[in-house]
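Subject: Handing over the structure

Hello,

Here is the structure I promised to pass on to you. Please open it alongside this email, and then read on for what turned up in it.

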Amino acid sequence: MAKLRVTTREIGSVCVFDIEGEPTQETVQEVAEKIQRNIRRHRLQRIIINLQYVDFLDSLGLRKLLAACIRPQKSLIYGASDGLLHSLEDTYVPRNVRICASEKEVAEDFGPFLLEKEKDKEFLLDTKDEPALGTEMERRRSKRMHVAIPVELKLKFKDGKTVMTRAIATNISEGGMFTEYLDLEIGNNLATLVDDMKGMDVEVHIYPSANFPEEYNLKGIITRKELRKKQLGLGVEFKADNEVKL
């Protein structure tokens, strides 16, 4: 296996550190120091440490990694294997560090800090210089809500195959939503195996949350696939014939 290394990406204003490779005491120390330097340089207050591709860390390695998480206001550990979770139970975890097993827990902890920051990913209706009254009413009806909510996307491929994935919606309206994948494995697979996802049918399941107290099941199509470094995002347009409205 390759040497332990760390790469970074962003979801909203949260920095995600993806760690992968074969850990040794030296490489764990190098990775921890690199994370600390990034935190100090960019004054990061909220971070996610993604351990999906780390099978095992001994107690000393875990302590070094957790020490790098002390400075931010809140740090999350995501993607830890059963073995790592067991080791974390026997290791002192700082108060500002939380272990999250799913996107739902991440969304609940970080909430609006996961919101997509760039305006070009928001769902805007086409506008004209002098919009008709009906257009104005539709725009208000489809007002975007900037909330981070966990969703399930059932992607339907042209060959009939379906893939169930979990993501976090970073903005949503009655017209559609933009979702981000925290799961690096799913994001990598979709980014490399599917060149053109535009027009792909998708079924969306929205979990109950503070902003959506009830569950929703909606049909839609993929309008855009966007890859920034290793961060995959999908734009979804809801179909007009949905039985349930947001």
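Two strands count as paired if DSSP finds at least two bridges between them. The strands themselves (E, at least two residues) and the helices (H or I, at least four residues) are DSSP runs, numbered from the N terminus. With that in hand, the bridge partner of Thr 7 in S2 is Asp 18.

A word on the source: this is a predicted model, in which local features need pLDDT of at least 70, side-chain atom pairs count only at pLDDT 80 or more, and totals for chains, interfaces and linings use all residues. Residues are numbered from 1 along each chain as its sequence is written, and side-chain values use heavy atoms, with hydrogens and water left out.

First, the overall picture. The protein chain has six helices and eleven strands. Of its 246 residues, 46% are buried, meaning under 20% relative accessible area with a 1.4 Å probe, protein chains only. The mean pLDDT (the predictor's confidence in each residue, from 0 to 100) is 83, and 82% of the residues reach 70 or more. Please take care with residues 119-141, where pLDDT stays under 50. For that stretch the model has 28 contacts beyond four places in sequence, a contact being heavy atoms within 4.5 Å.

Now to the sheet. Five strands form an open sheet in the order S1-S2-S3-S4-S5, with mixed pairing. Its edge strands are S1 (5-11) and S5, each pairing on one side only. Strands of a sheet pair through backbone hydrogen bonds, either parallel or antiparallel. S1 and S2 (residues 14-20) run antiparallel and are joined by seven bridges.

What surrounds S4? Strand S4 (residues 74-78) is mostly covered, with four of its five residues buried. S3 (residues 46-53) runs parallel to S4, and five bridges join them; one partner pair is Ile 48 with Leu 76 in S4. S5 (residues 97-100) also runs parallel to S4, through four bridges, and Ser 75 has Val 97 in S5 as its bridge partner.

The chain goes from S4 through helix H3 (residues 82-89) to S5 in a right-handed β-α-β crossover. Right-handed here means that, with the strands pointing away from the viewer, the path from the first strand over the helix to the second runs clockwise. S3, helix H2 (residues 59-67) and S4 make a right-handed β-α-β unit too.

Methods: Buried means under 20% relative accessible area, exposed over 50%, partly exposed in between (1.4 Å probe, protein chains only).
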